[in-house]
Amino acid sequence: MRVWHGLDEVGPDYGPSVVTIGNFDGVHRGHQQVLAHARARAAELGGLPVVALTFDPHPMVVLRPDHAPAQITDPAHRAELLGAAGADAVLILPFNKEVSSWSPEEFIDRVLVGTLHAKAVVVGENFRFGHKAAGHVDTLVAAGAVAGFQVEGLTLAGDGHPWSSTDIRELIAAGDVEGAAAALGRPLRVTGIVVEGDKRGRELGFPTANIPAVAGAAVPLDGVYAGWLTVLEPAPGAPQYGEPLPAAISVGSNPTFDGVDRRVESYVLDRDDLELYGSKIAVDFVTRLRGSQIRFDSIDDLLVQMKLDVDQARRILTGKPA
């Protein structure tokens, strides 16, 4: 799959193609339906490539930064998911003040006609684009009648109501990672580079891989979760551990030790030999074990609860008793 980070990276002779456009944050099941429909339309048109066009950053970061939504997937993960859902190429269009000033007609001329040579465009029925979001599906239909591309606006059908990234963000913020996974079609994933912490987990017998809860990323509500840790990119000289590793995951600021910085701490079950500092890891959330972090009166009380959390995570993830 090709990934382009701007219009100038697309070759002048690329196309014709079938294009689908959206923020695609999360690449949830509704987005996947749109990609599947684009894939089917591409086959009907003689096997054309499918291009998924997305934006980075989210337009709200530029237009109304105080209202910008938390990001469910970073651009690299989003591109990977779009490819898995059926895209042959992903165009990540840098969104800035200039792009925001393009009229709907200029967007169509520059991107759909001039760069991707679209023969069909597939979008969600509520898709808006161009300066002040003036463009919509009917705008595309009118332009397509002149430029020679077909247009379809689809409902992002869900279980009772359309799937939406906004709803998924609300589930994540409430700690409902199972609900989020049902809408995403896979577990919620948080990624980051493992940093050195205070090493108290190691001293207590539960060494953790810590990644910061980055501002602007959709990280679950504080609490303890069961999930999986996967090494995406080992640090230089560090081993690659291959398959996902079962983990008990704490999200929060560690109130027992007066912590301030919010982070995601993952203890890989029954492992104290992992070398993860500086490695890029993914943490996939399966279920919430208990609610907001508790300030324990003693280290002994904390250790009792940590063992209970780990035993519960083990049963859920591996089916093995404590």
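# Strand pairing and burial in a predicted model

Visitor: Which residue of β4 is the bridge partner of V51?

Guide: Strand β4 also pairs with β3, again in the parallel sense, over six bridges. The bridge partner of V51 in β4 is A89.

Visitor: How many of the six residues of β4 are buried?

Guide: Buried means under 20% relative accessible area, exposed over 50% and partly exposed in between (1.4 Å probe, protein chains only). By that criterion β4 is mostly covered, and the number of its six residues that are buried is five.

Visitor: Is strand β2 largely enclosed or open, and how many of its five residues are buried?

Guide: Strand β2 spans residues 17-21 and is largely enclosed by the rest of the structure, because its buried residues number five of five. S17, V19 and I21 point one way, V18 and T20 point the other way, and all are buried. The count of buried residues in β2 is therefore five.

Visitor: Which residue in β3 stands opposite I21?

Guide: Strand β2 runs parallel to β3 (residues 50-56), with four bridges between them. In β3, the residue opposite I21 is L53.

Visitor: What is the handedness of the β-α-β crossover from β2 to β3?

Guide: Between β2 and β3 the chain passes through helix α1 (residues 29-44). The sense is judged with the strands pointing away from the viewer, and a clockwise path from the first strand over the helix to the second counts as right-handed. The crossover here is right-handed.

Visitor: In β5, which residue is the bridge partner of V19?

Guide: Strand β5 (residues 118-124) pairs with β2 in the parallel sense, over four bridges. The partner of V19 in β5 is V121.

Visitor: Which residue just after α3 takes a positive phi?

Guide: Helix α3 (residues 75-84) has P75, H77, R78, A79, L81 and L82 as its buried residues. Their cover includes β1 (2-4), α1, β3, β4 (89-94) and β7 (188-193). Just beyond α3, a positive phi of about 130° is taken by G86.

Visitor: What is the relative accessible area of I168?

Guide: I168 lies in helix α7 (residues 165-173). Leaving aside residues up to four places away in sequence, I168 touches H28, I72, A180, A183 and L184, a contact being heavy atoms within 4.5 Å. I168 is buried, and its relative accessible area is 1%.

Visitor: How many helices and strands does the secondary structure of the protein come to?

Guide: Helices (H or I, at least four residues) and strands (E, at least two) are DSSP runs numbered from the N terminus. The totals for the protein are 10 helices and 12 strands.

Visitor: What share of the 322 residues of the protein counts as buried?

Guide: Along the principal axes, the C-alpha atoms fill a box of roughly 75 × 35 × 35 Å. Among contacts between residues at least 6 apart in sequence, 75% join residues at least 24 apart. Of the 322 residues, the buried share is 48%.

Note on methods
Residues numbered from 1 in each chain as written. Predicted model: local features only at pLDDT ≥ 70, side-chain atom pairs only at ≥ 80, totals over all residues. Heavy atoms only, no water. Pairing = 2+ DSSP bridges.
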